[in-house]
Amino acid sequence: MVMIAAIAWPATAAPLSDAQQTAVQSSILGILKDPDSARFSVMSAAPQATGETIVCGTVNAKNEMGGYVGPAPFYGKLYGDGQFYLASLAGGAAEASNIVARCEALGANIDR
């Protein structure tokens, strides 16, 4: 009997086109308290074997009190039709750490 073990390696990060970046940003802007204040950092994308692309990055925007809260990590899935689904946007330090770790595991590293 021969046993073969399959090892899943994280995907390699890939650049996003301008249209893809716009799709990601538009999705996130739709949930912010003050979308006009949003400042996006570098986004990282990692194509997956399933066909979608994992996109991670950070966004800094003003809260309801009018102050910037600092870069908040996010991650989501970008599909072949150009639609982006935001899976999570950090609302605190613990959630931020979890998102950064998840992005790293999926091959879309982000620096905060």
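Contact here means heavy atoms within 4.5 Å. Keep that in mind for what packs against what below.

This is a predicted model, in which local features need pLDDT of at least 70, side-chain atom pairs count only at pLDDT 80 or more, and totals for chains, interfaces and linings use all residues. Residues are numbered from 1 along each chain as its sequence is written, and side-chain values use heavy atoms, with hydrogens and water left out.

**Overall layout**

The protein chain has two helices and five strands, where helices (H or I, at least four residues) and strands (E, at least two) are DSSP runs numbered from the N terminus. Read from the N terminus, the order is α-β-β-β-β-β-α. Of its 112 residues, 33% count as buried; buried means under 20% relative accessible area, exposed over 50%, and partly exposed in between (1.4 Å probe, protein chains only). Take the contacts between residues at least 6 apart in sequence: 45% of them join residues at least 24 apart.

**The two helices**

Here they are side by side; the expected span is 1.5 Å times one less than the number of residues.

| Helix | Residues | Span, first to last C-alpha | Expected span |
|---|---|---|---|
| α1 (18-29) | twelve residues | 16 Å | 16 Å |
| α2 (93-106) | 14 residues | 20 Å | 20 Å |

Which residues of α1 are buried? They are Ala23, Val24 and Ile28. Looking down the axis, these buried residues fall within an arc of 125°, so they line one face of α1; the arc is that of the directions from the helix axis to the C-beta atoms. Asp18 and Ala19 are exposed on the face turned away from that buried side. The cover over the buried residues of α1 includes β1 (39-40), β3 (53-60), β4 (72-78) and β5 (84-89).

In α2, the buried set is Ala96, Ile99, Val100 and Cys103. Their arc around the axis is only 100°, which puts them on the same side of α2. Over on the other side, Ala94, Asn98 and Ala105 are exposed. What covers the buried residues of α2 includes β3, β4 and β5.

**The disulfide**

Counting pairs of cysteine sulfur atoms within 2.5 Å as disulfides, the model has one disulfide. Cys56 is joined to Cys103, with the sulfurs 2.0 Å apart. Cys56 sits in strand β3 and Cys103 in helix α2, so the link ties together parts that are 47 residues apart in sequence. The S-S torsion is about -95°, so this disulfide is left-handed. Both Cys56 and Cys103 are buried.

**Two exposed loop residues**

Gly51 belongs to the loop between β2 (44-47) and β3, and counts as exposed at 53% relative accessibility. Met65 is in the loop between β3 and β4, and its 75% relative accessibility makes it exposed. Met65 and Lys33 are 32 residues apart along the chain, with 9.7 Å between their C-alpha atoms.
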